[in-house]
Amino acid sequence: MNFSLVLLATSPKASSSPDIMGTIQSLLGPIIGCLVMFLVIFSLSLIIWTFRDIRARTQDFVSQILATVLVALFNVGGLFIYLILRPRQTLAEIYERQLEEESLLAEMTERQTCTNCHARVESDFQVCPSCGQKLKRSCPKCERLLELRWTYCPYCASNVGSAPMPGNMPGISMQGVPPSSSLQGNPSMPVSGNRY
Ligand SMILES: [Zn+2]
Ligand SMILES: [Zn+2]
């Protein structure tokens, strides 16, 4: 009764109780309307969010429709189920990870090791830094690095001859020998001797 007394005191003319009820009802109408509107917009945005999210995670059309329908039917409950069941990674994340793995694999295959001591060597090393094994030689004409097995330089097309086989001539012994004596000692390889 206190509430109605206050209302009576504030309003200049005395109003009856049906009048108060009417005021409350007229106030409640817009409030309920706003609430309903909020709930409708909220559930719509849940559906839109789910649709966008599932589209970022799978290209399967049936899964996309199922997830969206689930949230449309059960609202927050459906969203909860969707969050449990949705694919863990987005397609962008999967793609990124694949790229990472590929680059890692490429790096691993690119990484070369010494044929003799299996120490890690770079692709532009001429000899192994740990054991002295000959890995590459430079072209006598253009001075670019060539594989030992190459007969022709692919850069300047000059004939560089056949390289000494690693088995016949171990890289360790080659290091201490001057190039001129190695040429004289191997008359079978006149062209390869010229490369120094
Ligand atoms: Zn080595
Ligand atoms: Zn060359």
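Helices (H or I, at least four residues) and strands (E, at least two) are DSSP runs, numbered from the N terminus. The expected span of a helix is 1.5 Å times one less than its number of residues. Keep both in mind for what follows.

This is a predicted model, in which local features need pLDDT of at least 70, side-chain atom pairs count only at pLDDT 80 or more, and totals for chains, interfaces and linings use all residues. Residues are numbered from 1 along each chain as its sequence is written, while chains are lettered from A and ligands numbered from 1 in the order in which they are written.

Start with the overall layout. The protein has 7 helices and 4 strands. Along the sequence they run α-α-α-α-β-β-β-β-α-α-α. A residue is buried if 20 or more other C-beta atoms lie within 10 Å of its own, exposed if 12 or fewer, and partly exposed in between, with C-beta atoms placed from the backbone. By that count, 10% of the 196 residues are buried. Two residues are in contact if their C-beta atoms, placed from the backbone, lie within 7 Å. Among contacts with a separation of 6 or more, 30% join residues 24 or more positions apart.

Next, confidence. pLDDT is the predictor's confidence in each residue, from 0 to 100. Its mean over the protein is 79, and 74% of the residues reach 70 or more. Two stretches call for care. Over residues 1–14 the pLDDT stays under 50, and the model has 4 contacts there beyond four places in sequence. Over residues 165–196 the pLDDT is also below 50, with 33 contacts in the model beyond near neighbours in sequence. Where pLDDT is low, the predicted coordinates should not be read in detail.

Now to helix α2. It has 41 residues and reaches 59 Å from its first C-alpha to its last, close to the 60 Å expected. α2 is hardly covered, with 4 buried residues among its 41. Those buried residues are I47, T50, I54 and R57. They pack against α3 and α4 (91–110). An α-helix has 3.6 residues a turn, so residues three or four places apart point the same way.

Helix α3 (residues 61–85) is another matter. In α3 the buried residues are A67, T68, L70, V71, G78 and Y82. Their cover includes α2 (17–57).

A nonpolar core is a set of buried Ala, Val, Leu, Ile, Met, Phe, Trp, Tyr and Cys residues joined through C-beta atoms within 7 Å. The largest one here has 6 residues: I47, I54, A67, L70, V71 and Y82. α2 and α3 are the elements that give two or more residues to this core. α3 gives the most, with 4 residues. V71 shows the packing: leaving aside neighbours within four places in sequence, V71 is in contact with L46, I47, T50, G78, L79 and Y82.

V69 also sits in helix α3. Is V69 buried or partly exposed? V69 is partly exposed, because 13 other C-beta atoms lie within 10 Å. V69 and T50 are 19 residues apart in sequence, and their C-alpha atoms are 9.5 Å apart.

UniProt, in an unreviewed entry, places the feature "transmembrane region" at residues 26–49 and 61–85. UniProt positions are given in the numbering used here, feature names are shortened, and annotations may be inferred rather than shown by experiment. In the model, residues 26–49 are 100% helix, with end C-alpha atoms 35 Å apart. Residues 61–85 are also 100% helix, with end C-alpha atoms 16 Å apart.

Finally, two backbone details. Most residues other than glycine have a negative phi, and most peptide bonds are trans. H118 has a positive phi, near 60°. H118 lies in the loop between β1 (112–113) and β2 (120–121), and is exposed because 11 other C-beta atoms lie within 10 Å. A157 has a positive phi of about 65°. A157 lies in the loop between β4 (145–147) and α5, and is exposed because 9 other C-beta atoms lie within 10 Å.
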